[in-house]
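Please look first at the structure shown here.

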Amino acid sequence: MMLRRIFSTARLEFLIALRNRWVGIAAAMMILFALVLSLAGAAPSGAMAADRLSVTVASLTSLAVYLVPLIALLISFDAIAGEVERGTLPLHLTYPLGRGELLLGKLGAQVAVLALAVSLGYGVAAVVGFVGDGVAAVAGLGALWRLVWTSVLLGAVFVSLGHMMSCLARRPSGAAGMAIGLWLVAIVLYDLGLLAAVVADNGGRFTASAFPWLLVLNPADAFRIFNLAASEAVGAAAGLAGAASAIALWKPLASLLVWPALAALLARAAFGRVQP
Amino acid sequence: MRLLTLSQLTKCYDGHTVLDAVDLTVAAGETVALLGHNGAGKSTLMKLVLGLIQADAGSVSIAGHGPGSAGARAQIAYLPENAAFHPALTGTEQIAHFLRLRGLDPRGAGALLAKVGLKEAARRRIGTYSKGMRQRVGLAQALIGAPKLMVLDEPTSGLDPVSRREFYALLADLAASGTAVLLSSHALTEVEARTDRIAILSQGKLVADGSLAALRAAADLPMTVHLRAAAGQAQALVAAFPEGVRRVDAGGDHLTLNCPQVEKFAVMDRIRGAADQVADFDIHPPSLDDIYAHISRRAA
């Protein structure tokens, strides 16, 4: 029964995302960027990598760190605040549908939209790889597959964080602002801050002990480290991820696995405070 | 059997008491209208019954279940004031979803929409619906699965008179099959003769709870008697009814007087006694709006 309610909610949300063009927009963004990167982005890596697809995966990783959380927040910020504004929330909550079930349904649909978008985008990269390199591109498929499922996990984290913003703001405009703020802080400023701290520390205790953990604690950085470290294309990555190549693989993986659940719990807690 | 029991229900917002120790019951098959001005506490009371907000004191019981519990939700249907739905969905999709949430066959959506007169529009997006049509979608979802208790917040606002009549006919069918109905309204005229009991909220307090006849008796407002003088008899009529107020217009010479309920036979006798002077007469009982205004004002 519970699953049926969650699935029905997810189905409806997916329909809404489809008709609001979010499915199309998300897929178009991913396909466009994957196409540009796989056609042109391989150039700077030179002779480092064995095949073009592996190199493309490294470029796609750097791009996905920005794009996947952004798309996730864009499709999720309206989830609760929009229902509050339209006045559809009170009715939903009088049905035999728990708040957790409602959130899980929305999460499921929005993660499905993201999964579709990244699969199509990365699929285009694979096609370009095979067209360019022929069978040799098979070598890059493992890395590409890893990129797909880690992108979905990263997306799930930010969809739930978007839901949390939606609950805290209660108005769509406020939720949109908070979502963009979160994106800036988590994706852009966090790394800049760490970089500044590492430079100031100049190889001291912070860089050795705190820095690797702080890097892994951010799901976006965990995503980048895991993908780059797991493939042989680490050399293609510059900056923080390169510096963190010494981090054991299980740490970013654990971060990527724990964060979706943690973010969903945070969203549920925030939803509990919303009075319809 | 009592399906809904409120006892000493109290709710405050920022130190302001919105609902003050309200006692109310609704039995199976009974239709109770909740009346009150804007801000009298009607919507707050309904949200407490639905478990959307928590009471500060007192209790709500829905056939023994607490408000908002799974047991209560399974038995309650709710129609919000200005029912709203996502504009991108069609009527069928929306109702099918609600059916699934209640564990029922989503293929019943078509029949439900047809029942509220939306058969033609069922496959169109709700964004293209008029306000009255959205209200009908709201009604359709409230009819799902023969609920034991229906909570309807201003259900007929936005409906035209014909739809309104159809709505009350649907409600009568439900009540006949044992559904308890609690509905809110601004006006007594609207719910007259369609409800078993009327409860009036004024500034958070329940100031009346009874049948229309009981409310009428309790208000004890005078009736209004209109007399039209026969030709040339105006002066005599004024002499016979010195308490009357005289008014002359194109229709003739009129006299209007108030008549307390207990004196209505005496006044009838006086009219009969003055039969030669009276061309015609009307007796108006106090209007429902008068009664409602009187009760609300007395409470304040």
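Both faces of strand β6 (residues 149–152) of chain B are covered: B:L149 and B:V151 lie on one side, B:M150 and B:L152 on the other, and all of these are buried. Here a residue is buried if 20 or more other C-beta atoms lie within 10 Å of its own, exposed if 12 or fewer, and partly exposed in between, with C-beta atoms placed from the backbone. In a regular strand the side chains alternate between the two faces of the sheet. Helices (H or I, at least four residues) and strands (E, at least two) are DSSP runs, numbered from the N terminus.

The model is predicted, and local features need pLDDT of at least 70, side-chain atom pairs count only at pLDDT 80 or more, while totals for chains, interfaces and linings use all residues. Residues are numbered from 1 along each chain as its sequence is written, and chains are lettered from A and ligands numbered from 1 in the order in which they are written.

What pairs with β6(B)? Strand β5(B) pairs with β6(B) in the parallel sense over four bridges, and β6(B) also pairs in the parallel sense with strand β7 (residues 180–185) of chain B, over four bridges. Two strands count as paired if DSSP finds at least two bridges between them. B:M150 in β6(B) stands opposite B:A77, and B:M150 also stands opposite B:V181 in β7(B). Together with helix α6 (residues 161–176) of chain B, strands β6(B) and β7(B) make a right-handed β-α-β unit; right-handed means that, with the strands pointing away from the viewer, the path from the first strand over the helix to the second runs clockwise.

Next comes helix α3(B), which is mostly covered, with 10 of its 11 residues buried. Among the buried residues are B:G91, B:I95, B:F98 and B:L101. The buried residues of α3(B) pack against α1 (2–19) of chain A, and also against α4 (109–115) and α5 (131–142) of chain B. Just after α3(B), B:G103 takes a positive phi of about 75 degrees.

Where chain B meets chain A, 22 residues of chain B are in contact with 21 residues of chain A; contact means that the C-beta atoms, placed from the backbone, lie within 7 Å. On the side of chain B that touches chain A, α2 (70–73), β5 (76–79) and α3 (91–101) of chain B each supply at least two residues. The largest share, five residues, comes from α3(B). This side of chain B divides into 14 nonpolar, four polar and four charged residues. Ala, Val, Leu, Ile, Met, Phe, Trp, Tyr, Cys and Pro count as nonpolar, Asp, Glu, Lys and Arg as charged, and the others, Gly among them, as polar.

Strands β8 (residues 197–202) and β9 (residues 205–210) of chain B pair in the antiparallel sense over five bridges. They form a hairpin with two residues between them, and B:Q203 in the turn has a positive phi of about 50 degrees. B:S202 has B:K205 as its bridge partner in β9(B).

Chain B is assigned domain 1 (2–218) and domain 2 (221–299), with bounds from an automatic or database domain assignment. The contact between them takes 13 residues from domain 1 of chain B and seven residues from domain 2 of chain B. On the domain 1 side, the largest share, three residues, comes from β9(B).

Technical notes:
Contact = placed C-beta atoms within 7 Å.
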